[in-house]
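Thank you all for coming; I would like to take a few minutes to walk through one structure with you. Please have the sequence and the model open while I speak.

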Amino acid sequence: MKPTVGLDLDGICYDLVGGIKDLCRDQLGVHLSLENLNSPDITAWINLSCPDESVRERVKNRAIITLRSDNQFYANLSPLPGAVEAVWLLSEHFRIIGITSRPQCLRKGTMVSMARHFPPSFTEVFYTKTKPPLAAAQRCVAVVEDSPVAVESYLKKKGFHVFYVRDQRYGRDIEGKRTYGRYTEVPDVLSAAKRLVEMVGGG
């Protein structure tokens with residue numbers, strides 16, 4: 001049986017930020033500046049990008065409605081650069097699961113997009129508010145994340161290696177990374193995939 005790797009979806013496999021940016025530009029005529037993206041929190045990004053309260057509320061309402069109910073939005077989300085190659089590479093050596101804290105990622109649109117871009121073996125996506133216990137229950141040997149908060153929570157749970165894809169916009173130093181010794185910082189998901197394959201002797 002192949003060992004299991006858990007991948008975050010937004011920010012690792014898919015460009016959710018780019019999708020929201022395009023949505024607001026095309027449907028509302030509002031430009032959300034990436035310079036204001038200082039965390040993975042979409043709402044915080046919108047708050048910083050829209051100083052006008054009326055515009056801010058309009059953008060947040062549209063974003064929330066889209067994220068909660070628009071299957072087509074998820075079906076059309078673009079994979080991040082290197083994500084498709086990374087997942088195909090991992091699929092040769094690992095069972096891959098998606099782990100997300102956004103329940104809307106379980107909607108049909110996500111499954112449609114996954115079937116279009118990724119290997120047939122990548123079909124399992126799990127929603128949880130607390131990722132480490134789920135990763136442990138699924139017997140993950142490694143997880144790949146872009147959220148500093150999620151990475152720190154993973155490092156408190158023994159049993160898997162944590163790959164931190166440090167986003168240049170909202171990445172920061174990780175508390176406890178030297179203490180736990182199961183931490184690797186990488187620039188993108190493809191780099192994480194290559195390191196994982198090396199770890200199992202496949203590269």
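Predicted model: local features only at pLDDT ≥ 70, side-chain atom pairs only at ≥ 80, totals over all residues.

Let me begin with helix α8, where 6 of the 8 residues are buried, so that the helix is largely enclosed by the rest of the structure. By buried I mean under 20% relative accessible area, with exposed being over 50% and partly exposed in between, computed with a 1.4 Å probe on protein chains only. Helices (H or I, at least four residues) and strands (E, at least two) are DSSP runs, numbered from the N terminus. The buried residues of α8 are Pro148, Ala150, Val151, Glu152, Tyr154 and Leu155.

Residues are numbered from 1 along each chain as its sequence is written, and side-chain values use heavy atoms, with hydrogens and water left out.

Now to the sheet. There is an open sheet of 6 strands, paired in parallel, and its order reads β3-β2-β1-β4-β5-β6. At the edges are β3 (124-127) and β6 (183-186), each of which pairs on one side only.

Is aspartate 8 buried or exposed? With a relative accessible area of 7%, aspartate 8 is buried. Leaving aside residues up to four places away in sequence, aspartate 8 touches Cys13, Ile99, Thr100, Lys131, Val144, Glu145 and Asp146. Its side chain also makes a polar contact with the side chain of lysine 131, at 3.2 Å; a polar contact is a pair of N or O atoms within 3.5 Å, where, within protein, one must be able to donate a hydrogen and the other to accept it, and residues adjacent in sequence count only if both atoms are side-chain atoms.

Charged pairs are the next topic. The structure holds 7 salt bridges, a salt bridge being a side-chain nitrogen of Lys or Arg within 4 Å of a carboxyl oxygen of Asp or Glu. One of them joins glutamate 145 to lysine 131, with the closest N and O atoms 2.3 Å apart. Because glutamate 145 lies in strand β4 and lysine 131 in helix α7 (residues 131-137), this pair ties together parts that are 14 residues apart in sequence. Glutamate 145 is buried at 1% relative accessible area, and lysine 131 counts as buried at 10%. Asp8, Lys131 and Glu145 are linked in a network of salt bridges.

Another salt bridge joins the side chains of arginine 25 and aspartate 22, at 3.2 Å from N to O. These two residues are 3 residues apart in helix α1 (residues 16-28), and so are separated by about one helical turn. Arginine 25 is partly exposed at 45% relative accessible area, and aspartate 22 is partly exposed at 34%.

Finally, the aromatic rings. A search of the whole structure finds 5 aromatic pairs. Rings of Phe, Tyr and Trp (its six-membered ring) pair if their centres lie within 6.5 Å, and planes under 30 degrees apart count as stacked, over 60 as edge-to-face and the rest as tilted. Tyrosine 154 and phenylalanine 160 form an edge-to-face pair, 5.5 Å centre to centre with 85° between the planes. Tyrosine 154 counts as buried at 1% relative accessibility, and phenylalanine 160 is buried at 2%. The rings of tyrosine 164 and tyrosine 183 have centres 6.3 Å apart and planes at 40°, so that pair is tilted.

Key. Contact = heavy atoms within 4.5 Å. Pairing = 2+ DSSP bridges.
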